[in-house]
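Dear colleague,

Please find the structure below, handed over for your own work. A short account of the findings follows it.

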Amino acid sequence: MECYSEQTCALAVDGELAADEARRLRDHLATCRRCRALVDALRAENHVLSESLNELPEEADSPAGFSLLRRSWGWGDLVIMAAVLALGSIISVWFDELSIPAALEWFNPFSPGGRTNLIFSFFYYFAHGGTAMLADYAAVIGWFCLLLLLGGSTLLLGRRGRLRLPGLRLLIVLLTLSLPGLALDRRHADFVTVAANETVDDTLVAAASIVRVDGVVNGDLIAIARTVEVRGTIKGDLITAASRTEVSGTVEGNIYTLSHTLDLYGQLSHSIYGAVQSLHVDDRGHVGQDVVMAAGDANLEGEVKRSVNMVISESGDVSGHIGRDLTMIGGNQGGLTLTDTARVGGNLSAHVRQLKNVHIADGATIAGKRDIQLNVRESRFTRPRFYVHQALWLAGAMLVGWLGLLLFPGFFEAATQLVGSGWRSLGLGFAVLVGAPVAMIVTAITLVGLPISIIMFEVYLAGIYLAKVWVGAFLGRTILRPSGATKGDWVLGLLVGLLILTVIGFIPYLGGLVHFGVVCLGLGAFAAQLYRASRPGRTSL
Amino acid sequence: MDAKRNMAKEPQPREGGTGQMEGLDFEGVIERARGHDVEALAEIYRRFVRRVFGLCRYMLDSRESAEDATSDVFLKLQRSIESYDGSIPFPRWLLRVAGNQCIDVLRRRQRGRKVIVEIEDGTAVIEATSSEPSPLRAVISMEERVQVRDTIARLPENYRVPLVLRYYSELSYDEIAQQLDLERNYVAALIFRAKQELRRRLPHRSK
């Protein structure tokens, strides 16, 4: 009888041969020594395989090394992120200790005041143009890039396993040593109150319908509520998102607010930053530093020690004292009114549509210059500054693109390619554009997430900026279709693409739509590539 | 096999350990786990985590992915254990679940496509390329076993996955075919080729 093939013998050894065929093979084995030897060898081989596999690799010996909580975006990554924050905070402290002269303070991107100032005055600078804008813009972008660079390289190091456990532990220690001792007191109820005889030693986080502080909060008060009333003392900052924020007590830090109305009857040692529908600084109210606001209407009856910078949509009334400059943009309905009791220690600058929008009473005192500019709508194309501005913008985007390509070539090229997935990137980008702010707010509410949400915000802004770089590069490459794919081609494509996007951007209505589409597309590609980069490498078949 | 006996079948010695559940027989542990008893689930985790992790580590390319998959298996176990009917031994059932989890991971990476794609004549039974088969030697040292394991880990996915499912999870060809959505004959061919490839890469370990 003819011998069986090795495959049939292997099937038999695996117990996978049909019953009658297995029986025939068994009969054959009784007479054929060669096949018997083969089956024995195959059986032994199976044994070797099972034995070798079942002797688990060493790394399986530490099942306690991971827990049920281990996720792909797990603790390791959180630790890395926290370490980046820690590093950031170390650098920021170092920056702060450099004692930068006040005149150069804008250059310090790590000063919290400067940063908030930048964020809240962003639109103002954009409208205003000029070199100041570029300098601030460069500082902000530099800050983002530094953080991204730090975060990116640490994440990469961690992912590639070069940052082993001891490294991570060291980072944790660094983190513990460097982060300020944030102690938190969280309260959540309909009515959160700090009684007059009560002292909260930590930062108080309150989410409620009404938050009332009659006592003392030694840290910051972070409140999300319908009404926030401060009658006592807050030693740190007051951060509110509320329908109504009223301060009749004392705030020794800054006020950051997003409210419908903000009424200040009490004492504020530092500045107010925020966006409100209605701002009222009562004649008993005192602001130790600046007011930087976007408001529907503003009524300043009290004292502001330093400057007031406001963008107002309806009216601004000043009857109190302002230590330095008063700058106002807008006020197209009620205009800017300075009453007899108003006193401005510095210059008065107003940017209005019509002269009649500014009313300055005879008794009002303005120590410096009066600079009232009319925002006459003339074609922007007739001004040389416009072209200089565009050229600078283009050069900036080219520089960012080139640097990005130099530092993260794989990431930039992959993101550029992802723009090509069209509707998918567009849809994802739109979802990120709309969803990310919600995610940031939700993350910020869970206090541990506050720094994370700040990082998310920065990545978000960077993504919006980089969107046109990727879309531009993709567009340019599609048009030029370079035979090779060198870095030079990429940069040339970027230049052509950006030029096209810039020109299209000037077309009324369509330009805005295209710009929106570009942001969505680029943001989508950025998000998709970030997701991809965070996943471990694929295995190929 | 009797369902009760299967359920009560103790896991292999390497999973054994001590704990609050020590007094309880394994059947009792599974019964309690079905009722979402946290301690019982923790006991199952403690006994089987190494074995499940081992499978995931062989099937997936990185320790991190294997850890994720292992976590997922035990997280989902809280619900999936209700579907365990005792018709097969629990360790084998659990490894089947874990195998499915790994295949899902691999499939997601392939963007939903099959993990192993059949080639055109894939169902044809192939014959040995050499007339003189030389299976791996029966008795090998510990270092050699490590080498065999490492070589298996470096095999291409379409060889490694069926081989591991067969000789680690001890699944039948039919079960592997079902998990991988392939023809049974093709699974047989892949396992056969995988062994040949292994012999080729470990020539001095063959006789």
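Two residues are taken to be in contact if their C-beta atoms, placed from the backbone, lie within 7 Å. On that basis, among the contacts in chain B with a separation of 6 or more, 71% are between residues 24 or more positions apart. Please note that the model is a predicted one.

Chain B comprises 9 helices and 0 strands, and its elements, read from the N terminus, follow the order α-α-α-α-α-α-α-α-α. The chain has 207 residues, of which 40% count as buried.

Within chain B, helix H7 (residues 157-167) and helix H8 (residues 173-180) have axes that come within 10 Å and cross at roughly 135°. H7(B) is therefore oblique to H8(B), and the crossing is right-handed. The contact brings B:Val161, B:Pro162, B:Leu165 and B:Arg166 of H7(B) together with B:Ile176, B:Gln179 and B:Leu180 of H8(B). By type, the residues of this contact are 5 nonpolar, 1 polar and 1 charged.

In chain A, a pair of helices was also examined. The axes of helix H9 (residues 409-419) of chain A and helix H11 (residues 450-480) of chain A cross at roughly 70° and come within 8 Å. Angles of 65 to 115 degrees count as roughly perpendicular, and H9(A) and H11(A) are therefore roughly perpendicular to each other. From H9(A), A:Ala415, A:Thr416 and A:Val419 meet A:Trp470, A:Val471, A:Ala473 and A:Phe474 of H11(A). The residues of this contact comprise 6 nonpolar and 1 polar, with no charged residue.

Yours sincerely

Key
Residues numbered from 1 in each chain as written. Chains lettered and ligands numbered in written order. Predicted model: local features only at pLDDT ≥ 70, side-chain atom pairs only at ≥ 80, totals over all residues. Axes fitted to C-alpha atoms, helices over the stretch in contact; angles between N-to-C directions. Helix = DSSP H or I, 4+ residues; strand = E, 2+ residues; numbered from the N terminus. Parallel < 35°, antiparallel > 145°, perpendicular 65-115°, else oblique. Nonpolar A, V, L, I, M, F, W, Y, C, P; charged D, E, K, R; others polar. Left-handed = near helix turned anticlockwise from the far one by under 90°. Buried ≥ 20, exposed ≤ 12 C-beta atoms within 10 Å, placed from the backbone.
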